Amino acid sequence: LQIILRKQAKKMLEEQYFDFIERSTSSIRGRTGDSRPVERFVQEKIQSSRQQMDKDWAAIYYYVRCGKVDEAIRVARNKGEDQFVALLRLYAQDKPDYRQSIKEDHQNRITRQGNLDPSLKALYAALGQIKFGSKETRAVITSTQDYMWMRLASTNDYDSEDSENSLVKLQKDLKKWGPSYFNPKGTNPLLYFQILLLSQQFESAIQYLDSFPQYKVEVVHFGCALYYYGLLESKENRTGNAFAFEKMLSQFVRQFGSMDPPKFALYYFLLHDVELLKKLLVKFICDTRQLDMLGMSSDGTKIPGVVDNLPPEIASDIISQVAEEFNTTENFFESLKLFNLAGKYGKVLDIVNEQLGLMLTKPGKERSRIAETAQNVYQQYSRGGDRSVVQVHQLHKQVEAFSKLQMLLAFFECCQNEPLRLRDACNIQRKLNIIPFHQDDLQRKAQEFASLEDCIKQNFSDILLTTMKVLVALYDETQNVDEKREIKHMVRCLATFSGMISFQMPGNYNQEFIRLQAKIA
């Protein structure tokens, strides 16, 4: 991959330079009909340059600089440089030994000619790794891009890292010089950014450009492209600086995401770490409260959503995690809809039972609303006989808990709403059968208490105390001796039962419970 990227970086600089030459000579070509912009460019350069340059060597150099090696060969052949034609062909074919052949040609030419044309020196430097002073090639190496092309062209992909012609050496040189060398005034950060990209220092490039506030949007999108192709490593890089593109991306989405949440949510889809993707997407959806991204309309029906672009199991996990975040009394209905959307039907019933348990002893509109919702959910999940949600997903435990909650709700309504219906309340408790009213049932009911559902256990102080109040009120109300004797026995069983179970009533409840028991005892 490193070799491919180096070659592509070099190719990009060649195409970029040829485009520059075409644009700079377009007006001239329009007048003269010249179809060879490079040679026209050379002619103009020689005329405006103070240095002596051979136009053929200059044309050969600029053709090679633009990646037009066939044209360079044509000019070299016309010049009678058959040996150099052969060298250019070796270079074009990327033969392993072409650099050694170029070095030998350079040595022979030095022996014969002495001083060489600056364009030819630049060719030897780029193609043969021959070192020249910057003054010797400055007639043609006039820009940072020219220098980068020459270094990339002369890089040997198979040299050791400490070699003068390795990519690592180029990277070290560029980092040693730093941005102040290439962008001393700080007005053109894109130049050093491009240099870092061309030399495959991707993390450093992103970190550098990110330090300029005016490029916050651009740097994230460059980072997205590099991250997508696996060119950004989210770990400590060679410089020792911690780098995490995921953190940068998350900050970008949080900063601009409110403009168009569904669109900005898609940035998280780039992340390679699925667990991190889910975590950040869940937080973003919860922060923006844009539940339509999950594919849910306001009434809970399925609509197209952002998460539909993810594998079903990942989408379901995200919906479930958002539902968990929404699983509070204030967001009760949203949570139910989300878990239902995710196909977590057991969780829907667990939440219904939990919320109904929380409101069980609290009369008012909220309890009525939750009770009505619970009834509707259970009815919906029970439709279809053997193919119902309850049957298919084996949700019998939740159904059993809900049946008990329904009876307890009726029990408390009898005790809280005027007129009081104490005998109905007592009958409900007998039918519910979680409290023993006979001596023979005490041991069994005490053992069964351990497996009682949490949504009922959390209300057991109220259940015990309210049952005691009902029994005492009925005792005071009746004049029937047999009935009084039966109620007194029931009170005794209730009191004994409360002491047998591993459950402790709050102090004020316990005091009232004992006081009421004492009235009958």
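This is a predicted model: local features need pLDDT of at least 70, side-chain atom pairs count only at pLDDT 80 or more; totals for chains, interfaces and linings use all residues.
View 1. A disulfide here is a pair of cysteine sulfur atoms within 2.5 Å, and a search of the whole structure turns up 0 of them. C426 is in no disulfide either: the nearest cysteine sulfur, that of C415, is 9.7 Å away. With 9% relative accessibility, C426 is buried.

**View 2. D173 in helix α11.** Here we visit D173, found in helix α11, residues 167-182 (helices are DSSP runs of H or I with at least four residues, and strands are runs of E with at least two, numbered from the N terminus). D173 is buried, at a relative accessible area of 8%. Its side chain makes a polar contact with the side chain of K169, at 2.8 Å (a pair of N or O atoms within 3.5 Å; within protein, one must be able to donate a hydrogen and the other to accept it, and residues adjacent in sequence count only if both atoms are side-chain atoms).

**View 3. Helix α3, end to end.** Helix α3 covers residues 37-48, and its 12 residues at 1.5 Å each should span 16 Å (the expected span is 1.5 Å times one less than the number of residues). The end C-alpha atoms are 16 Å apart, in agreement. Buried residues in α3 include P37, V38, R40, F41, V42 and K45.

**Notes.** Residues are numbered from 1 along each chain as its sequence is written, and side-chain values use heavy atoms, leaving out hydrogens and water. Local features need pLDDT of at least 70 and side-chain atom pairs count only at pLDDT 80 or more, while totals for chains, interfaces and linings use all residues.

Note on methods: Buried means under 20% relative accessible area, exposed over 50%, partly exposed in between (1.4 Å probe, protein chains only).
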